[in-house]
Amino acid sequence: TITDYRLVGLSGLVATDDGYIVINDGSVIYDEQLPIFFRDQTCQVGDFQAFWPNRPYDPEDMVLDHERQLLWVADIGDNAATSGDEVNARGTVALWQVDLSGGDRTPVIYRFRYPDGPRDAEALLLDGDGTPIIVTKTVGAAELFMPAPIEHQGPLER
């Protein structure tokens, strides 16, 4: 049972060799930092990493590229898009990259837009070369989108 008062709306969980990494869902947590929490094998918070210069809007998932020691935080939630609220739907989504190989863990943001309008998404996967793949939340078949390449920060490819 998780009893830490800072962890009330977990949205992402990654298992590591020595514990877990978790993040709260941004739509239920209003803390300006909305940090990434590093937990030990007993699930106690050992450390955390804040975002900079601003916090994510609505993180929904995380995935760890074990080979490259890169954590990807998927700031891809958009409840307004699901409800058809075009006025409040997000113009962009973001993938935050955190280098866990040692040294500076400050998250780096990459912003993207869907090719034909906002979507709500809930999951993030990695393909074989470590490229993040966003999985949308839809009725029926989900859509898969990926940046190509990540540095361009332009439209996502279906």
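**A tour of the paired strands**

Begin at strand β2, which is joined to strand β3 (residues 36-40) by five bridges, the two running antiparallel. Here strands are DSSP runs of E with at least two residues, numbered from the N terminus, and two strands count as paired if DSSP finds at least two bridges between them. This is a predicted model, in which local features need pLDDT of at least 70, side-chain atom pairs count only at pLDDT 80 or more, and totals for chains, interfaces and linings use all residues. Residues are numbered from 1 along each chain as its sequence is written, and side-chain values use heavy atoms, with hydrogens and water left out.

Select glycine 19 next: its bridge partner in β3 is aspartate 40.

Now select the whole of β2, residues 19-24. Five of its six residues are buried, so the strand is mostly covered (buried means under 20% relative accessible area, with a 1.4 Å probe and protein chains only).

Move to strand β1, residues 10-16, which pairs with β2 in the antiparallel sense over six bridges. Within this pairing, leucine 13 has valine 22 of β2 as its bridge partner. A hairpin of two residues links β1 to β2.

Then turn to β9, β10 and β11, three strands that form an open, antiparallel sheet in that order. Its edge strands, each pairing on one side only, are β9 (121-126) and β11 (144-145). Select β10, residues 132-136, to find two bridges joining this strand to β11 in an antiparallel arrangement. The tour ends at valine 135, whose bridge partner in β11 is leucine 144.

Methods. Helices (H or I, at least four residues) and strands (E, at least two) are DSSP runs, numbered from the N terminus. Buried means under 20% relative accessible area, exposed over 50%, partly exposed in between (1.4 Å probe, protein chains only).
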